[in-house]
Amino acid sequence: MNTHTSRRHTVWLTLLLTVLAIIFLVPVILVVLNSFKSRLYISSAPFSLPNGLTFVGLENYLTGLKTAGFAAAFGRSLFITVGAVLLIVFCTSMTAWYVVRVQSAWTRILYYLFVFSMIVPFQMVMYTMTYVVGRIGFDTVPGIVIVYLGFGAGLSVFMLCGFVRSIPLEIEEAATIDGCNPLQCFFRVVLPVMRPTAITVAVLNAMWIWNDYLLPYLVLGTDQKTIPVAIQISMQGAYGATDYGGLMAMLVLAIIPIIVFYLLAQKHIIRGVIAGAVKG
Amino acid sequence: MRNDIRRYFTVFALPTLAAFCMAFVVPFGLGVWLSFTRFTTVTNARFVGLDNYVRIFTTDSDFLHALGFTALFAVVSIVMVNVFAFALALLLTRGLRGTNLFRSVFFMPNLIGGIVLGYIWSLLINGVLAFWGVDITYSATYGFWGLILLNNWQLIGYMMVIYIAGLQNIPGELIEAAAIDGASSFKALWRVKIPLVMPSLTICTFLTLTNSFKMFDQNLALTAGAPERSTQMLALNIYQTFYGRSGWQGVGQAKAVLFFLLVALLAFVQLRLTRSREVDA
């Protein structure tokens, strides 16, 4: 009797969750469906399925993207994200090790500066940062990668420092006795141990940089658009002249890499995001 | 203490430090200074004392409106996001089949960027409102609830994962003991599960709070403040003061300083609360 009711319970709960999951997916499905419709039918009838009249196949993807310079934006976003994440993980893991192992007033101040930067909202520094970066001449695609290193340093160094403190000093001492200098010691002994945390840091930074809008918009302007900037700019056209077909195609192509990445590395992503949450 | 590493400062610390100074330290200091000046480009700054801070509250009613709008938005978001996220977490810790799949689906929106989210929802919301012949910029109420809907969609899955972790940390014996003592499942929830996930609740509350306060991309993409700047949140208000009104850059920077102090205060309170809870547990 009891197991019978609990089984019925289970069926109802699974059904409820299925309905909720579908509701969660509706916005994304809607965009995908509309990306195959003629642009005239998107804003006027977003909920109708593509049919013989409205279906345009890949036209939105081919023509809509060309006018917005989307292919270039895609490549640029990819380059900036991959470049910045590699640079951040490489540089901040070295810095974190240095900050933890060299204990002086300076490294302590440095550590607290990194922690401090995590709570400062972007609006506080956006105007002056754009000015400084422009003056140095880093307002280019390779330059912005370095800007991201500066902005990502706070959270990344903080998380990596937390991990380095848990590495027993003995293994490094053993390496030193075996004749390793600090460089060899770091790359042969410490870095391999840091891998899990480094992956977490990489994931957090990748999600942030891929989706970031304001920083690339302010630093690179509208000539060198990343994906979020291209999407925002294409919507700022005169009212009524907006190419909704191209917009839908862009939204789909902006989401696809995230979903692929998510499917490939779900465990790391969820762990990374949660680690970022508990930072306090 | 390892003095041999110190000699490698240029390799280990300098690159990060240089980029950090360029992107954060110098702009931060410069920003604080500029909030006390009047300027149109950084080079022509002229010291005016607290004038900018006074102007925020005397000649610009938009900032206080944005503050109120953001605060209300944050409060409604905290309640809704946490209730839904906790409910989903309860459902997904019952060992049902397909739990992992459901968790993945609910979490997915969190990975999509603010600009993309904003336009996805503007398609959906404007599509629904079109039946009444209006769109989201028709009234501030529509904009408000549109943003709430979007924020829920984005944050519920994220907070759900934190609650799931909290619920899974509860020792099974405690729930069993409660059941043996004759507690109904409702009582077990109220007396055992909820008190024990309080640390997760604190974290989720503050995460929703700071996320809501700092929201910019979603606001820009969904309503851009329309109609008449009435759905402008703090970050967007600061942005438009900087880049929308010439001669107001100093006021924009002063607003940014206040914004920073507000967010820092929230972070500080959060830290104190999470620390003290950890001691309790």
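This report describes a chain contact, a helix and a pair of domains in a predicted model.

## Basis of the model

Residues are numbered from 1 along each chain as its sequence is written, while chains are lettered from A and ligands numbered from 1 in the order in which they are written. In this predicted model, local features need pLDDT of at least 70 and side-chain atom pairs count only at pLDDT 80 or more, whereas totals for chains, interfaces and linings use all residues.

## Contact between chains A and B

Chain A contributes 68 residues to the contact and chain B contributes 75 residues, two residues being in contact if their C-beta atoms, placed from the backbone, lie within 7 Å. On the side of chain A that touches chain B, the largest share, twelve residues, belongs to helix α1 (residues 2–34) of chain A. Helices (H or I, at least four residues) and strands (E, at least two) are DSSP runs, numbered from the N terminus.

That side of chain A comprises 53 nonpolar residues, 14 polar and one charged. Here Ala, Val, Leu, Ile, Met, Phe, Trp, Tyr, Cys and Pro count as nonpolar, Asp, Glu, Lys and Arg as charged, and the others, Gly among them, as polar.

## Helix α11 of chain A

Helix α11 (residues 244–264) of chain A has 21 residues. From first C-alpha to last, α11(A) reaches 31 Å, close to the 30 Å expected at 1.5 Å a residue, the expected span being 1.5 Å times one less than the number of residues.

## Domains of chain B

Chain B is divided into domain 1 (3–51) and domain 2 (58–280), with bounds from an automatic or database domain assignment. The C-alpha centres of domain 1 and domain 2 of chain B lie 32 Å apart. Each of these two domains of chain B gives eight residues to their contact.
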